[in-house]
Amino acid sequence: PVPGTGHRAHRDAGRNDNNEDRTVPDAHEEGQEKTAVWSEAYELGIPLIDGQHKKLIEQLGSLLKALKTRRKERSVRESLEFLDTYTNDHFYTEERLLREQGYPDLEAHLEAHKYFRDTVVKAKNFIRVNPDSEKSVQLVQSLLINWFVKHIKGTDQDYVALLKKQG
């Protein structure tokens, strides 16, 4: 399966059809999320995970707003650092829960998280060099927001029943 999408038929937003990495993907693909606003549709029904997902979506929104309004570089840098740290904290929590419950697709889920972590690092590096670039906005929209929303609505749904059953 494609990283971050589990068994679903979504194409990874950061890869082209040949599975080659693209630094800045096309932001105008059909069906992509263009904003980072929390929606009840993203809820898994697991309060700890939902709270972390909401915080990450909000931070992606703050980063996107900072880039679009060409806010001070410090604001963009702070948003990127928070996103990097909080993403790692969230993935650690999620992965711990999945290990504890014996989630059968753990390796695929870990690979999806690794892909997103690597993508955040690439985004940070690109945005640091190009904070005023429209491509920085596209990067956040296409790669980070789109991937994360697809991950929540796709791959994360695969473990909900197990975690709810285990309490």
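Two rings of Phe, Tyr or Trp (for Trp, the six-membered ring) count as a pair when their centres lie within 6.5 Å. With that in hand, let's walk through this predicted model, which holds six aromatic pairs.

Phe82 is partly exposed, with a relative accessibility of 28%.

Now compare the rings of Tyr103 and Tyr159. Their centres are 6.1 Å apart and their planes meet at 85 degrees, so this pair is edge-to-face. Tyr103 lies in the loop between α2 and α3 (106–129), while Tyr159 lies in helix α5 (residues 157–166), so the pair ties together parts that are 56 residues apart in sequence. Are these two tyrosines buried or exposed? Tyr103 and Tyr159 are both buried.

Back to helix α2 itself, this time for its geometry. The helix has 28 residues and spans 41 Å from its first C-alpha to its last, close to the 40 Å expected at 1.5 Å a residue. Just after α2 comes Gly102, which takes a positive phi of about 70 degrees.

One last stop for your viewer is a group of four residues: Phe91, Phe116, Trp147 and Phe148 are linked into a cluster by ring pairs.

How values were computed. Residues are numbered from 1 along each chain as its sequence is written. This is a predicted model: local features need pLDDT of at least 70, side-chain atom pairs count only at pLDDT 80 or more; totals for chains, interfaces and linings use all residues. Side-chain values use heavy atoms; hydrogens and water are left out. Rings of Phe, Tyr and Trp (its six-membered ring) pair if their centres lie within 6.5 Å; planes under 30 degrees apart count as stacked, over 60 as edge-to-face and the rest as tilted. Buried means under 20% relative accessible area, exposed over 50%, partly exposed in between (1.4 Å probe, protein chains only). Helices (H or I, at least four residues) and strands (E, at least two) are DSSP runs, numbered from the N terminus. The expected span of a helix is 1.5 Å times one less than its number of residues.
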